[in-house]
Amino acid sequence: MEAKAVKAILFDLDNTLIETTLAGEVALQKAGELLKAELSLDDAAVRSVCDRFKLKLRHEAPDGFPCASLDELRARHWEESIAETTGGPPASGLASLCYDLWKSRRLEALRLTPEVRDLLRGLRRSYKLLLLTNGDAQTQREKVEAARCEEFFDAVVIAGDHAEQKPFPSIFRRCFGALRVEAQDCVMVGDSLDTDIRGGLNAGVRATVWIHAAEGDASDAAVKPDYVIPTVLDLPGILAQLQ
């Protein structure tokens, strides 16, 4: 049976269209400067606090804060990270200051580059585009707003607003419905094998495209994407192969 033409592209957000990891590092540096000034910490201690915060952030459970807002939880991450490094609780309000600075500077750094904006404008002339992002709904909405993404997409789906996130097929079916397309009409593009690529495969999309910027062979990956490119800017070449 002849393959169907691609009608729609589903994009991940973090580290696919925007450099979330890099923005987080910029924000950590600013928070570290504040800690150094307020507590007279040396560079090693500042790194310890920031590394502990990153670890807590990485292992944060999506449903792990039923009695507190996400902002409160992340301020608590800073408080615990400071206490674990210095051996005592920080001065009142310092953890909240660190969190507010980290959050604001990270959002400021989350921007679509001119090249990515041009890419999306060009693709939208030929395809339906949808942004599908996992994570806490409040956090992801703030990122979408900060990066001014919405104008480039026919639909934006924040998976945290729904019962299941990527890689579950249900969230992909919601996306297909929003665009009025079938799974085989779509290409899924993202940087995560576990959520974007596995999810696209589970949902039966026409093709999956993994954004893999790291050096080295990706052929031994546990989940096998259909295509691998180092940057989303290389996507038009893949789409040309699919037509």
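About 70 Å³ of space lies in the largest cavity, where a cavity is a set of points, on a 1 Å grid over the protein atoms alone, at which a 1.4 Å probe fits but cannot get out, and lining residues have an atom within 4 Å of a point. The model is predicted, so local features need pLDDT of at least 70 and side-chain atom pairs count only at pLDDT 80 or more, while totals for chains, interfaces and linings use all residues. Residues are numbered from 1 along each chain as its sequence is written, and side-chain values use heavy atoms, with hydrogens and water left out.

The elements that give two or more residues to the lining of this largest cavity are H3, H4 and H6, and H4 gives the most, with five residues. Among the lining residues are Leu70, Trp102, Gln138 and Glu142.

| Class in the lining of the largest cavity | Number of residues |
|---|---|
| Nonpolar | four residues |
| Polar | two residues |

Helix H6 covers residues 137-147, and its buried residues include Ala137, Thr139, Lys143 and Ala147, buried meaning under 20% relative accessible area with a 1.4 Å probe and protein chains only. Among the elements that cover the buried residues of H6 are helix H1 (20-39) and strand S2 (128-133). At the start of H6, a side-chain oxygen of Asp136 comes to within 3.3 Å of the backbone nitrogen of Gln138, and after H6 comes Arg148, whose phi is positive, near 55°.

Notes: Buried < 20%, exposed > 50% of the residue type's maximum accessible area, 1.4 Å probe, protein only. Helix = DSSP H or I, 4+ residues; strand = E, 2+ residues; numbered from the N terminus. Contact = heavy atoms within 4.5 Å. Polar contact = N/O pair within 3.5 Å; in protein donor to acceptor, adjacent residues only side chain to side chain. 1 Å grid on protein atoms, 1.4 Å probe; cavity = no way out; pocket = protein on both sides within 12 Å on 5 of 7 lines; lining within 4 Å. Points joined across faces, edges and corners; volume = space filled by probe spheres on them. Nonpolar A, V, L, I, M, F, W, Y, C, P; charged D, E, K, R; others polar.
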